[in-house]
Amino acid sequence: MNAALVHCEKNGLKFTPVRQRVFEILLSEHKAMGAYDILEILAKEGMGSQPPVVYRALDFLGTHGFVHKIEKLNAFVACEHPGSDHDPAFMICRSCTKVVEMNGSPNSEISSAAKSMGFEVEAIVVEAEGLCPTCQDTE
């Protein structure tokens with residue numbers, strides 16, 4: 001949360017109470033959450049009950065690198081490296097849906113290959129699916 005607050009202050013961005021709360025929810029849950037799951041929490045807290053409220057907050061948080069969208073789950077996770085320029089890749093457990101942001105960047109290899117073929121990459125989403133250690137033990 002501190003990194004996000006500092007980044008917003010340094011760049012003149014409005015980190016509104018709703019944006020902060022959405023980020024707090026994702027930080028505290030330690031899992032990927034859908035927009036409607038987040039909206040349900042906001043509604044119970046009296047911070048809005050209409051989908052645009054959460055989608056606008058998620059758009060802001062995503063644009064500024066505080067959250068990532070997990071395409072496979074159509075859900076969001078808090079970024080483990082907010083404020084730093086990086087290309088995230090994710091490991092997703094197919095059993096418990098836990099999501100872990102990977103260290104390193106397989107994306108640089110994709111970008112290099114694309115560049116050598118004259119292809120201009122605009123977005124890369126790397127999501128590896130498998131079983132986390134906990135789920136491996138239970139299966």
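Read along the sequence, the protein runs α-α-α-α-β-β-β-β-α-β-α. That gives 6 helices and 5 strands, where helices (H or I, at least four residues) and strands (E, at least two) are DSSP runs, numbered from the N terminus. What you're looking at is a predicted model, in which local features need pLDDT of at least 70 and side-chain atom pairs count only at pLDDT 80 or more, while totals for chains, interfaces and linings use all residues. Residues are numbered from 1 along each chain as its sequence is written, and side-chain values use heavy atoms, with hydrogens and water left out.

Let's start with the overall picture. Taken along the principal axes, the C-alpha atoms fill a box of roughly 50 × 45 × 25 Å. Of the 139 residues, 29% count as buried; buried means under 20% relative accessible area, exposed means over 50%, and partly exposed is in between (1.4 Å probe, protein chains only). Contact here means heavy atoms within 4.5 Å. Among the contacts with a separation of 6 or more, 44% are between residues 24 or more positions apart.

Helix α1 covers residues 2-10, and its buried residues are Ala 4, His 7 and Cys 8. These cover an arc of only 95° around the axis, so they sit on the same side of α1; the arc is that of the directions from the helix axis to the C-beta atoms. The buried residues of α1 pack against α2 and α4. Turned away from that buried side is a face with the exposed residues Asn 2, Val 6, Glu 9 and Lys 10. Just after α1, Gly 12 takes a positive phi of about 65°.

Next comes helix α2. Pro 17 is found in it, and this proline is exposed, with a relative accessible area of 60%. Pro 17 is 11 residues along the chain from Val 6, and their C-alpha atoms are separated by 15 Å. Gln 20 also has its place in α2, but at 25% relative accessibility Gln 20 counts as partly exposed. Leaving aside neighbours within four places in sequence, Gln 20 is in contact with Met 1, Leu 5 and Phe 15. Gln 20 and Ala 57 are 37 residues apart in sequence, yet 8.5 Å apart in space, C-alpha to C-alpha.

How do α2 and α4 meet? Helix α2 (residues 17-29) and helix α4 (residues 51-63) pack at an angle of about 80°, with their axes 9 Å apart. That makes α2 roughly perpendicular to α4. For the cut-offs, angles under 35 degrees count as roughly parallel, over 145 as roughly antiparallel, 65 to 115 as roughly perpendicular and the rest as oblique. The axes are lines fitted to C-alpha atoms, for helices over the stretch in contact, and angles run from 0 to 180 degrees between N-to-C directions. From α2, the contact uses Val 18, Arg 19, Val 22, Phe 23 and Leu 26, and from α4 it uses Val 53, Val 54, Ala 57, Leu 58, Phe 60 and Leu 61. By class, this contact has 10 nonpolar, no polar and 1 charged residues; Ala, Val, Leu, Ile, Met, Phe, Trp, Tyr, Cys and Pro count as nonpolar, Asp, Glu, Lys and Arg as charged, and the others, Gly among them, as polar.

Asn 74 is found in the loop between β1 (67-70) and β2 (75-78), and has a positive phi of about 50° although it is not a glycine. Thr 97, in the loop between β3 (89-93) and β4 (99-101), isn't a glycine either and has a positive phi of about 65°.

Finally, the cysteines. With a disulfide taken as a pair of cysteine sulfur atoms within 2.5 Å, the count comes to 0 disulfides. Cys 96 is in no disulfide, and the nearest cysteine sulfur, that of Cys 93, is 3.7 Å away. The sulfur of Cys 135 is 3.6 Å from the closest cysteine sulfur, in Cys 93, too far for a bond.
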